[in-house]
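Please keep the sequence and the model in view while reading.

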Amino acid sequence: MSLPANPIRWPAEALWQAVSPLLEGFSVEILPEVDSTNTELMRRARAGRCEPILLVTEQQTAGRGRLGRQWVSQIGDSLTFSLGLPMAPAEWSGLSLAVGVSLAQSLQPQLPAAGEDRLRLGLKWPNDLWLEGDRKLGGILIETASGIGLSGPDRYVVIGVGLNVRAPDSQGLSTTPASLREVDAALDAPTALARIVPPLVRALQAFARHGFAPVRAQFAERDLLLQREVNLSDGHSGLAQGVGPDGALLVQTAEGLRAVTSSDISVRPRPAPLS
């Protein structure tokens, strides 16, 4: 594989210095190419390698999103990384939402005020980052492993993140994808990575201690499904009413208020009615 004309300068040393006091044994690894950062860390975990690590790739050839959807990244066009670490929270529910809140706050600390000429970075339950207008900026994929190399109640969690630095080709898509440059023109992949990772580690440690409930209000501020009609994958539909303290999506259906979890349901906004 030929090297790019302008190699990406990743802040590996700065990230190690920022995170290693929080995670004993933490390391940072940058790969020029890999099939999937999540797949690679899950392979290592199954082989007993369960140390805390940030794995970044410049090009991902077989990335996976939720429900097996493909996420392929090209050099410089996206930020693709996975953070792996042992965790033993009392409750796993709402983890992807807590991760989403941390990412959104790192990338856009202050939401635009009403009438301000900036795009709002929001969250689509359960694991997508969108810019207003239903344009996907990125996604989160969380996987866990247990057994070899772990002790007590620990499980090894791998948190994969993919973000568009430059918007990909929208051909064949119902909406134009969003990009980090629209959020902040100064954001490239290394800059975004440096902003995201230390707060994300702290957010995961807080989640392990306290669960999702303490960040529920912060999720609500960025909830792009709130008060919108949604279709559920089992054929039901209703009005999204926010999320519960466990991160379940609350949907008012004809049969009553329903708590929807990511393990058994997918949610899609209904198309806007024609005017």
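In which sense do strand 2 and strand 5 pair, and over how many bridges? Strand 2 and strand 5 run antiparallel to each other and are joined by five bridges. Here helices (H or I, at least four residues) and strands (E, at least two) are DSSP runs numbered from the N terminus, and two strands pair if DSSP finds at least two bridges between them. Within this pairing, Leu 54 is found opposite Leu 83 in strand 5.

The model is predicted, so local features need pLDDT of at least 70 and side-chain atom pairs count only at pLDDT 80 or more, while totals for chains, interfaces and linings use all residues. Residues are numbered from 1 along each chain as its sequence is written, and side-chain values use heavy atoms, with hydrogens and water left out.

The pairing described above belongs to a wider arrangement. Seven strands form an open sheet with mixed pairing, in the order 1-2-5-9-8-7-6. Strand 1 (27-31) and strand 6 (121-124) each have a single partner strand, so they stand at the edges and one side of each lacks a neighbour in the sheet. On average, neighbouring strands of this sheet are turned by 20° against each other, direction ignored; axes are lines fitted to C-alpha atoms, for helices over the stretch in contact, and angles run from 0 to 180 degrees between N-to-C directions.

Further pairings can be followed across the sheet. Strand 5 and strand 9 run antiparallel and are joined by ten bridges, and Met 87 has Arg 155 in strand 9 as its bridge partner. Strand 5 is mostly covered, with nine of its ten residues buried; buried means under 20% relative accessible area, exposed over 50%, and partly exposed in between (1.4 Å probe, protein chains only). Strand 9 (residues 155-164) also pairs with strand 8 (residues 135-145), in the antiparallel sense and over eight bridges. In that pairing, Ala 145 stands opposite Tyr 156 of strand 9.

Two helices pack on the sheet. Helix 3 (residues 95-107) touches strand 6, strand 7 (128-131), strand 8 and strand 9, and its direction makes about 135° with that of strand 8. Contact means heavy atoms within 4.5 Å. Helix 5 (residues 189-210) touches strand 2 (53-57), strand 5 (78-87) and strand 9, and its direction makes about 25° with that of strand 5.

Attention may now turn to helix 2. This helix is mostly covered: eight of its ten residues are buried, among them Thr 37, Leu 41 and Ala 45. At its start, a side-chain oxygen of Ser 36 comes to within 3.3 Å of the backbone nitrogen of Asn 38. Just after helix 2, Gly 48 has a positive phi of about 95°.

How many salt bridges does the structure hold? There are twelve, a salt bridge being a side-chain nitrogen of Lys or Arg within 4 Å of a carboxyl oxygen of Asp or Glu. In helix 2 (residues 37-46), Glu 40 and Arg 43 are three residues apart, about one helical turn. Their closest N and O atoms are 2.6 Å apart in a salt bridge. Glu 40 also forms a salt bridge with Arg 44, with the closest N and O atoms 2.8 Å apart; these two residues are four residues apart in helix 2, again about one turn. An α-helix has 3.6 residues a turn, so residues three or four places apart point the same way. Glu 40 is buried at a relative accessible area of 16%, and Arg 44 is buried at 8%, whereas Arg 43 is partly exposed at 36%.

Another salt bridge joins Arg 135 to Glu 182, with the closest N and O atoms 2.8 Å apart. This pair links distant parts of the chain, since Arg 135 lies in strand 8 and Glu 182 in helix 4 (residues 180-183), 47 residues apart. Arg 135 counts as buried at 17% relative accessibility, while Glu 182 is partly exposed at 32%. Elsewhere, salt bridges with shared partners join Glu 29, Asp 35, Glu 40, Arg 43 and Arg 44 into one network.

The loop between helix 3 and strand 6 contains Leu 119, which is partly exposed at 28% relative accessibility. Leaving aside neighbours within four places in sequence, Leu 119 is in contact with residues including Arg 135 and Glu 182.

Note on methods. Polar contact = N/O pair within 3.5 Å; in protein donor to acceptor, adjacent residues only side chain to side chain.
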